[in-house]
Amino acid sequence: MSEDVRRMSDELARDPSSRVFVPLGEALRQQGQLDVALKVTLRGLERHPHLADAHDLLARLSVDRGDMERAFDEWDMVLRLSPGHLGALKGMGFVCFHRARFAEAERYLAAAAALDARDDQVASALLHVRAAQTHATSPQAAIAESIANDSRYLFLEVLPDEAQTALLLDPAGLVLAGAYIDAEGRDVAQDVGAELSGVTEAARRATRHLAMGDWTSIVFETEVAVVAMAPSSQDGLLVLATSRATPLGLVRRLLARCAEKAQRWLDGQR
Amino acid sequence: MAGRAALMSTPFTAMLQTLSRQRGVTAALVVSESDGIVIDSNMHIGQSGDKVAALAASLYKKARLSARAAGMGAVSFMQLEAPNGRLCAVGSGELVLVVVAATAVNVGLVRVDLLRAAVELAEIAKRGGAR
C-alpha cells in the first residue's frame, strides 16, 4: 500500500465523514484496485450524496468496469450538481461518442474546450467527433444510431453477453422493448410475451392472499436457461433470460440493472 | 399441523410430510396444473390452500408455456419471492407440487427436496395414482 493511500485510509478511519474518500478512491483506482475503490466511493456517497467530485469518480470507476450506463447516469448527476464540471463534460462527451451520439458528444466536448482551451485531450476528442460526424452516413454509424433508437435493443448495453436477453412486457403480454432470438434466429418475443400475460396479476394475488407483501421476483429454471421476472411500473413485466450456467446472484444483479434501464425508458416515453 | 393420522393417506402423503418438516415451510400441496384444484395438501392450521393452489398452478403453467415458446426446454423449478415469504413449485406432467415458506427457509434444501419429489410425482402419475 502506498504511503498516500495509507495516510488517507487512516484519515478516513478516524473520520468516516471525511471527504478524503474522493482522493483515496482515485488513488485506489489508479492502482487498479477497482473493487476497493468502488466500495470506498459508495460509502462516501452515502454521507455526501451531493458531492459532485464523488459522482465523477464513480462515473470513471464505472467506465473502468465497463458499465457505460452507470457512467452516463453519474456524469449526468454531476452536471446537475455542478453544471460546468469539466470532468463530467469530458466524460459525457466520451460516453456519447461511444454510443455514436456524435452531435451530443460534440456539444459536451465543445463546452469542455470552452472551459479549458489548453486541454489537448479535449481538443483531440473534438477532432475525432467532428470527423465521425462527417462520416455519419457510413453504414456502421447509421447502424449504431438506429440500434440506439430501436427499443428491441434497449437492454443491449446492460446485457453484454449474447447468451442473455430481456423483454419488457405490458400487462397484456405485448412486447414494449427487448427481443428474444431463439436457436433458429427467430425473434419469438411476442410468443413468449403472450404466454406470460397475466403473470403480474396472478403473482400479486397469490402473495397478497398469503399476506407476504407485494411480489418482487419469480425465477424459474429450464433445461437450458434461468429466467427471472420482476414487476415493472404500470403493471408491466420484466423478463430476463440467461444461460443455465449463470450464478443466481448475477441473475439478480442483471435483473436489477434491466429494471433500472426499463424504468428510465418508460419514464422517457411519458 | 392438523392431525393427518386419522385421515386417509394418498400416494402424496409421505412426500408432503417430508416437505412440511423443513423449517420454515408452512404448506405443501399437490395441485392439478390444468384447473388448479388441490389434490392433496399438508398445511399449518389456519391456512387455506385453494386460492393459492390455483394461482401457483397458473404461474407454473405460464412459466412452462413461455419456456416452450422460447425453446428453452422443460421447467424444473420455480420460485416466487415476496418480502414476507416465498412460493416454490416443481411440476411433473399434469401435477404441480407447491410449497409455501417463510423468507428464512433454506431454499437450497427445499429445492433439492422438491426436485426429488418431482421424480416421485412422475412415478405416481405413471402408475395412475393421481386420481
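This report describes the sheet, the helices packed on it, the nonpolar cores and the salt bridges of a predicted model.

## Basis

In this predicted model, local features need pLDDT of at least 70 and side-chain atom pairs count only at pLDDT 80 or more, while totals for chains, interfaces and linings use all residues; side-chain values use heavy atoms, with hydrogens and water left out. Residues are numbered from 1 along each chain as its sequence is written, and chains are lettered from A and ligands numbered from 1 in the order in which they are written.

## The sheet across both chains

Helices (H or I, at least four residues) and strands (E, at least two) are DSSP runs numbered from the N terminus, and two strands pair if DSSP finds at least two bridges between them. An open sheet of 10 strands runs in the order β2(A)-β1(A)-β5(A)-β4(A)-β3(A)-β3(B)-β4(B)-β5(B)-β1(B)-β2(B), and its pairing is antiparallel. At its edges are β2 (175-178) of chain A and β2 (38-43) of chain B, each of which pairs on one side only. From one strand to the next the twist averages 15 degrees. Angles here run from 0 to 180 degrees between N-to-C directions, with axes being lines fitted to C-alpha atoms, for helices over the stretch in contact.

## Strand β1 of chain B

Strand β1 (residues 25-32) of chain B is joined by seven bridges to the antiparallel strand β5 (residues 95-101) of chain B. Across this pairing, B:L29 stands opposite B:V98 and B:A28 stands opposite B:V99. Five bridges join β1(B) to β2(B), again antiparallel, and here B:V31 stands opposite B:V38. β1(B) and β2(B) form a hairpin with five residues between them, and B:G36 in the turn has a positive phi of about 75 degrees.

Burial is judged by relative accessible area: buried means under 20%, exposed over 50%, and partly exposed in between (1.4 Å probe, protein chains only). Seven of the eight residues of β1(B) are buried, so the strand is largely enclosed by the rest of the structure.

## Helices on the sheet

Contact means heavy atoms within 4.5 Å. Helix α12 (residues 248-269) of chain A lies across β1 (165-169), β2, β3 (217-222), β4 (225-232) and β5 (236-243) of chain A together with β3 (75-82) of chain B, at about 140 degrees to β5(A). Helix α3 (residues 107-127) of chain B lies across β3 of chain A and across β1, β3, β4 (85-92) and β5 of chain B, at about 25 degrees to β4(B).

## Nonpolar cores

A nonpolar core is a set of buried Ala, Val, Leu, Ile, Met, Phe, Trp, Tyr and Cys residues joined through side-chain atoms within 4.5 Å. The largest has 46 residues, of which A:I218, A:M229 and B:L87 touch the most other members. Helix α2 (residues 50-69) of chain B gives the most to this core, with nine residues. Among the residues that A:M229 touches are A:L196, A:W215, A:F220, A:L237 and A:L255. A second, separate core of 23 residues includes A:A52, A:V78, A:M92 and A:C96.

## Helix α4 of chain A

Buried residues in α4(A) include A:A52, A:H55, A:D56, A:L58 and A:L61. The buried residues of α4(A) pack against α2 (21-30), α3 (34-47), α5 (68-81) and α6 (86-98) of chain A. Just after α4(A), A:G66 takes a positive phi of about 80 degrees.

## Salt bridges

A:K261 and A:E69 meet in one (3.0 Å, N to O). A:K261 lies in helix α12 and A:E69 in helix α5 of chain A, so the pair ties together parts that are 192 residues apart in sequence. Both A:K261 and A:E69 are buried.

A:D76 and A:R80 form another salt bridge (2.5 Å, N to O); both lie in helix α5 of chain A, four residues apart, about one turn of the helix. A:E221 and B:R111 also meet (2.8 Å, N to O), and this pair crosses between chains, from strand β3 of chain A to helix α3 of chain B. A:E221 is buried at 7% relative accessibility, whereas B:R111 is partly exposed at 24%. A network of salt bridges links A:E26, A:R29, A:D56, A:R60 and A:D64.

Technical notes
Salt bridge = Lys/Arg side-chain N within 4 Å of Asp/Glu carboxyl O. Lists of a residue's contacts leave out its neighbours within four places in sequence.
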